[in-house]
Amino acid sequence: MKTLEWIRFLETQKIQHGKILFRVAELANVARSSHHALNVELARLVEKGILARYATGVYGLPGIATPEQLVSVLDSDAYITGMFALYRHNLITQVPTEITCFTNRRHNRSNVRHTPFGRLKFACVSRCIYARPTNGVMAPPEQALCDFAHIAIRHGLNPASLVTFRNMGMLNRKKLTRILKHYSAVAGEAIGQVARLRRRTLS
């Protein structure tokens with residue numbers, strides 16, 4: 001395909017279907033070329049700024065895709081949680097360099113993907129913890145906090161000492177209590193410590 005044909009294809013997909021990310025297999029079907037020829041063509045399109053490489057085997061329009069969209073392409077069952085979700089909800093001050101994604105499937109090849117947004121780390125969790133949001137792929141604040149505590153504790157760390165929390169008053173206490181029933185008692189104690197530290201900071 002010529003460059004102009006690629007541009008028309010990408011713009012059509014964006015306008016008509018809202019699609020901005022593509023797997024290599026999809027692009028190969030469009031190009032109808034060999035694997036080697038396609039790799040050469042993709043490299044050329046990336047160099048010209050027509051395409052961007054978002055992850056191994058995933059390309060898309062430059063500067064438009066979001067972490068949520070990329071996660072959905074890499075694993076349709078995964079959702080973003082933990083520290084990155086807390087940052088998105090304006091509950092911590094630190095900017096994460098790693099995006100934690102909980103899933104119910106194992107990534108046999110690699111559970112870590114290097115992307116323009118930072119490292120995406122997929123963690124296969126138990127049924128009691130796995131809870132993909134009904135709307136979107138970003139865990140709500142209460143769930144993200146519980147997942148953050150769960151991850152920290154599994155690594156032998158204290159969640160309260162890892163980041164600086166803020167805006168904790170926005171959390172729904174009833175929802176948090178209900179979600180915590182799916183986690184260990186240690187996680188509940190850690191989150192209680194976070195709440196106490198925050199109250200002392202505000203007083």
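Does alanine 52 count as buried or exposed, and at what relative accessibility? In this predicted model, alanine 52 counts as buried because its relative accessibility is 18%, and the cut-off for buried is under 20%.

**View 1. Alanine 52 and its surroundings.** Alanine 52 belongs to strand E2, which covers residues 52-55. Setting aside neighbours within four places in sequence, its contacts are Val58, Tyr59, Gly60 and Pro62.

**View 2. The hairpin of E2 and E3.** Here E2 meets strand E3 (residues 58-60), and the two pair in the antiparallel sense over three bridges. Arginine 53 sits opposite tyrosine 59 of E3. Two residues lie between the strands of this hairpin, and glycine 57 in the turn shows a positive phi of about 80 degrees.

**View 3. An open sheet of four strands.** Follow the strands across in the order E4-E5-E7-E6, and you'll find that the pairing is mixed. E4 (79-81) and E6 (112-115) are the edge strands, each pairing on one side only. From one strand to the next, the twist averages 35 degrees. Within the sheet, E5 and strand E7 (residues 118-124) run parallel, joined by six bridges. As a landmark for that pairing, find phenylalanine 102, which stands opposite alanine 123 in E7.

**View 4. Helices H4 and H6 against the strands.** Helix H4, residues 67-74, packs on the sheet and touches E4, E5, E6 and E7. The direction of H4 makes about 45 degrees with that of E7. Helix H6 (residues 141-154) lies across E4 and E5, and runs at about 75 degrees to E4.

**View 5. Threonine 100 in strand E5.** Now zoom in on threonine 100, part of the E5 strand that spans residues 98-103. What is its relative accessible area? The value is 13%, so threonine 100 is buried, given that buried means under 20%. Neighbours within four places in sequence aside, threonine 100 is in contact with Tyr79, Ile80, Thr81, Lys121 and Ile151.

Conventions:
Residues are numbered from 1 along each chain as its sequence is written. This is a predicted model: local features need pLDDT of at least 70, side-chain atom pairs count only at pLDDT 80 or more; totals for chains, interfaces and linings use all residues. Side-chain values use heavy atoms; hydrogens and water are left out. Buried means under 20% relative accessible area, exposed over 50%, partly exposed in between (1.4 Å probe, protein chains only). Contact means heavy atoms within 4.5 Å. Two strands pair if DSSP finds at least two bridges between them. Axes are lines fitted to C-alpha atoms, for helices over the stretch in contact, and angles run from 0 to 180 degrees between N-to-C directions.
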